[in-house]
Structure formats: C-alpha cells, structure tokens
Amino acid sequence: MRISPQKILTAAQTNAFLVSNITNILYLTGLQISVGYVLITKGKTRLFVDARYSEAASKSIDPSIQICEPKTLPGLMQRVKECGYEGDTLTCQRFRALKKSFHKTKLIYKEGIIEEFRRAKHDD
C-alpha cells in the first residue's frame with residue numbers, strides 16, 4: 001500500500017477509516033474498480049470487492065491488503081465502535097445504507113483525508 005495505514009488513521013483521527021471513493025481505492029490498492037470499499041484499521045487493511053474483482057485483486061494488489069467479500073463488511077463493522085468515512089464524496093443514499101448496516105458503529109464525517117496524501121509526494 002502506498003501509505004501506511006497508521007498514517008491514514010492518524011490523519012483521520014479515528015481508529016478505523018472507510019474508503020469508498022473509487023479514485024482513492026485505485027490510489028491505495030492499484031486496482032481499478034467500479035464499486036467497493038477499503039477498510040483501514042490499526043491491525044489490517046481490507047479491500048471489499050465482489051467476485052468480478054477478486055481474482056484481479058489477488059494478482060495485483062499488495063499482499064498486506066486482505067481481499068474480502070462485501071457481505072462480510074457489516075459483520076466486521078459490529079466490532080468497530082467509531083469509523084471515519086469519506087463524507088465529501090459519499091452519496092446520501094449510500095450513507096443511509098451504511099448507517100443502516102453498521103448500526104452499532106458511529107460514523108464520523110471526514111473530508112479530504114486520502115486526497116491530501118494523493119497531493120503530497122511520499123518516500124514510503
């Protein structure tokens with residue numbers, strides 16, 4: 001992954017961060033998709049994509065990123081108390097769906113977290 005997960009969490013000031021913007025997912029994983037999520041936590045970075053992208057992901061993304069089926073995301077989020085999300089690019093409809101699926105998780109609006117890393121040059 002281009003940026004350490006800890007740097008993202010520090011910038012977001014959260015213990016978990018959900019990336020839904022496909023341009024940001026491409027930046028973080030190198031995988032071009034039309035829909036999916038990247039969940040960054042202290043212990044792990046996970047890419048949630050359906051079967052259309054699983055094979056391509058397994059061949060092309062950083063092995064430190066775990067590939068998961070989207071249906072496993074709500075169960076995983078049951079253990080996440082607070083999670084930052086890309087509020088500046090997430091549609092209202094998609095936010096409502098997340099809020100309904102992740103009813104035990106406090107979703108925290110964040111803006112421009114990954115974009116700041118995309119604008120900067122990094123050595124890591």
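1. The hairpin. Strands S2 and S3 are joined by a hairpin that passes through three residues, and the two strands run antiparallel with four bridges between them.

2. Basis of the model. This is a predicted model, in which local features need pLDDT of at least 70 and side-chain atom pairs count only at pLDDT 80 or more, while totals for chains, interfaces and linings use all residues. Residues are numbered from 1 along each chain as its sequence is written, and side-chain values use heavy atoms, with hydrogens and water left out.

3. Confidence. The protein chain averages a pLDDT of 93 (the predictor's confidence in each residue, from 0 to 100), and 96% of the residues score at least 70. Confidence in the protein chain is highest in S1, at 98, and lowest in helix H3 (residues 51-60), at a mean of 92. Where pLDDT is low, the predicted coordinates should not be read in detail.

4. Strand S1. Strand S1 spans residues 16-19 and is covered on both faces, with Ala16 and Leu18 buried on one side and Phe17 and Val19 buried on the other; buried means under 20% relative accessible area, exposed over 50%, and partly exposed in between, with a 1.4 Å probe and protein chains only. S1 pairs with strand S2 (residues 37-41) in the antiparallel sense over four bridges, and Ala16 stands opposite Thr41 in S2. S1 also pairs with strand S5 (residues 82-86), here in the parallel sense and over two bridges, and Leu18 stands opposite Tyr85 in S5.

5. Strand S3. The bridge partner of Arg46 in S4 is Gln66. Leu47, which lies in S3, has a relative accessible area of 0% and is therefore buried; its C-alpha is 8.7 Å from that of Ala57, at a separation of 10 residues in sequence.

6. The largest pocket. The largest pocket has a volume of about 230 Å³. A pocket is an open set of points, on a 1 Å grid over the protein atoms alone, with protein on both sides within 12 Å along at least five of seven lines, and lining residues have an atom within 4 Å of a point; the volume is the space filled by probe spheres set on the points, which are joined across faces, edges and corners. The lining includes Gln13, Ala16, Thr41, Arg46 and Glu82, and its residues divide into three nonpolar, four polar and four charged. In this count, Ala, Val, Leu, Ile, Met, Phe, Trp, Tyr, Cys and Pro are nonpolar, Asp, Glu, Lys and Arg are charged, and the others, Gly among them, are polar.

7. Gln13. One of the lining residues, Gln13, lies in the loop between helix H1 (5-12) and S1, and its phi is near 55°, a positive value in a residue other than glycine. Most residues other than glycine have a negative phi. Gln13 is exposed, with a relative accessible area of 68%.

8. Cysteines. A search of the whole structure finds zero disulfides, a disulfide being a pair of cysteine sulfur atoms within 2.5 Å. The sulfur of Cys68 is too far for a bond because the closest cysteine sulfur, in Cys83, is 14 Å away, and the sulfur of Cys92 is too far because its closest cysteine sulfur, also in Cys83, is 18 Å away. Cys68 is buried at a relative accessible area of 11%, whereas Cys92 counts as exposed at 58%.

9. Two further positions. Glu55, found in helix H3, counts as exposed at 53% relative accessibility, and its C-alpha is 9.6 Å from that of Ile67, 12 residues apart in sequence. Val35, in the loop between helix H2 (22-29) and S2, is partly exposed with a relative accessible area of 35%; Val35 and Thr91 are 56 residues apart in sequence and 13 Å apart in space, C-alpha to C-alpha.

Notes
Pairing = 2+ DSSP bridges. 1 Å grid on protein atoms, 1.4 Å probe; cavity = no way out; pocket = protein on both sides within 12 Å on 5 of 7 lines; lining within 4 Å.
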